[in-house]
Amino acid sequence: MEVPTLRLEAGETVARSTMPLLPLLSLLLLPAVLLASAPPSAPPSAMGAQEKVCPWCKNDLVALKTAGLVSHGPFIFGVATSDKVAERLGDVRVYFLESAHLRIASMLGEYTVPDKEAKKIRAELKELKAALPRIDDRTRRLDPWLRLHIAALRAEKQYAAFLDLLGKKESDFPDGETVYDPGSGKPYMGEGPYLGEKDKYDLYLAETLATYQDLLVQHYGVTTKKPQRWNSIKRGAMFFGLWSKEENLNSDTAIHACLAHNLGHNYLDGYRYYAYDLPVWLTEGFGHWWQRAIDIEYVNYCNIEGTNPLKQTGAGWQADTRRLVMRDRAAPLAELTRKNSFAELDQNDHLVVWSKVDFLIGTDRKKFAAFIDRLKGRTDTEGFTLSRGLPEAQREALKEIYGWSYPEFEEAWKAHVLATYATQ
Ligand SMILES: [Zn+2]
Ligand SMILES: [Zn+2]
């Protein structure tokens with residue numbers, strides 16, 4: 001696929017989900033799906049039931065700004081607005097928050113923090129309290145507003161960590177107004193200020209399946225229970241949504257880990273503008289890497305729905321990867337770089353792609369940043385984005401940046417796994 005970067009205005013919302021095939025099918029079925037759907041609960045007249053004032057920031061714009069936030073709405077969201085989303089939901093309470101780089105719609109309900117999560121969440125509340133002093137960092141009871149603020153904190157911290165990992169700062173990205181000049185001698189950094197995307201990243205955290213599926217159908221024409229990512233070309237905005245009661249999301253930490261996995265995808269895809277897909281070994285390995293930074297217990301797979309269930313815990317991944325290496329059953333990178341769809345990754349591949357990305361980052365973060373820069377935002381002399389030749393570009397980048405041929409990389413990676421990974 002070769003996409004002229006400056007000619008995408010006419011595009012429509014493009015499915016880019018964790019299930020590459022299903023959204024396309026669903027788009028074909030869209031008119032029927034829309035006709036059949038009804039709001040998940042009460043009519044718009046019940047809007048008055050929406051609680052508008054946040055007890056922690058009091059919707060005070062100065063306090064919000066100090067906390068790196070913008071407002072509790074209204075704002076543009078998905079293919080509509082926060083007001084439209086709230087209107088559609090009727091008396092189902094939905095809470096909105098716009099931060100520096102994200103727009104969030106959350107229905108996450110009250111949550112009693114169990115002992116296991118107390119330390120983690122207390123540290124997060126402490127961070128929030130620094131800018132919003134009304135917050136009690138010792139509380140074990142999170143209300144929906146607090147969960148919303150915590151979601152923004154997590155997503156923004158990951159945004160900052162992503163910039164740091166890639167060795168970039170906000171000012172490295174274009175303002176979204178100036179057209180890229182390929183003759184400037186400067187690298188193409190995308191189409192806008194949000195890592196290269198024109199607009200902010202959307203997050204939808206639904207509490208019930210009905211509300212989750214209703215928004216997905218209304219905005220993107222797809223129904224699923226699974227976490228979903230989408231790209232709106234028109235807005236230049238990435239979307240991620242989840243249903244918080246999905247079987248794998250059984251705690252606040254599980255939700256956080258899933259969020260981290262998928263924001264890892266969205267930030268990387270958005271980086272220097274989403275014009276083509278990176279190879280799946282790299283994006284999926286990157287998603288797992290962020291997820292495991294939150295908690296190694298939780299795993300999310302980007303895969304076609306309906307395939308054989310994969311292992312639902314990541315706790316044993318080091319030992320499992322080690323066993324694969326010892327039995328010479330780990331897919332070599334040269335083979336993985338030829339896989340183009342998430343469906344081509346099996347259980348063992350997921351471990352291997354995580355481990356290889358982790359190894360590349362751990363070996364030298366600056367080299368990893370340079371490696372990504374060779375693969376994202378590629379343009380030709382006319383300024384058109386270039387996805388052609390990605391397989392060769394990976395091989396060349398590995399050699400020139402890390403100094404490894406594929407076989408040399410394999411040896412170095414295997415030695416690292418055998419020397420450092422847990423045996424069980
Ligand atoms: Zn607030
Ligand atoms: Zn993934």
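1. Two residues are taken to be in contact if their C-beta atoms, placed from the backbone, lie within 7 Å. On that basis, residues 24 or more positions apart account for 71% of the contacts in the protein with a separation of 6 or more.

2. The model is a predicted one, and its pLDDT averages 88, with 87% of the residues scoring at least 70.

3. The secondary structure comes to 15 helices and 11 strands, and of the 424 residues in the protein, 43% are buried.

4. Helix 6 covers residues 144-165, and because its 22 residues should span 32 Å at 1.5 Å a residue, the 31 Å between its end C-alpha atoms agrees with expectation. After the helix comes Gly167, whose phi is positive, near 65°.

5. Among the buried residues of helix 6 are Leu146, Leu148, Ile150, Ala151, Ala152, Ala155 and Phe162, and the list also includes Arg147, His149 and Gln158.

6. The largest nonpolar core has 100 residues, and those with the most contacts inside it are Val94, Ile104, Ala151, Ala152, Ala155, Leu203 and Leu205. Helix 6 gives the most to this core, with nine residues. Leaving aside neighbours within four places in sequence, Ala151 is in contact with Ile104, Ser106, Leu203 and Leu205.

Technical notes: Residues are numbered from 1 along each chain as its sequence is written. Chains are lettered from A and ligands numbered from 1 in the order in which they are written. This is a predicted model: local features need pLDDT of at least 70, side-chain atom pairs count only at pLDDT 80 or more; totals for chains, interfaces and linings use all residues. pLDDT is the predictor's confidence in each residue, from 0 to 100. Helices (H or I, at least four residues) and strands (E, at least two) are DSSP runs, numbered from the N terminus. The expected span of a helix is 1.5 Å times one less than its number of residues. A residue is buried if 20 or more other C-beta atoms lie within 10 Å of its own, exposed if 12 or fewer, and partly exposed in between; C-beta atoms are placed from the backbone. A nonpolar core is a set of buried Ala, Val, Leu, Ile, Met, Phe, Trp, Tyr and Cys residues joined through C-beta atoms within 7 Å.
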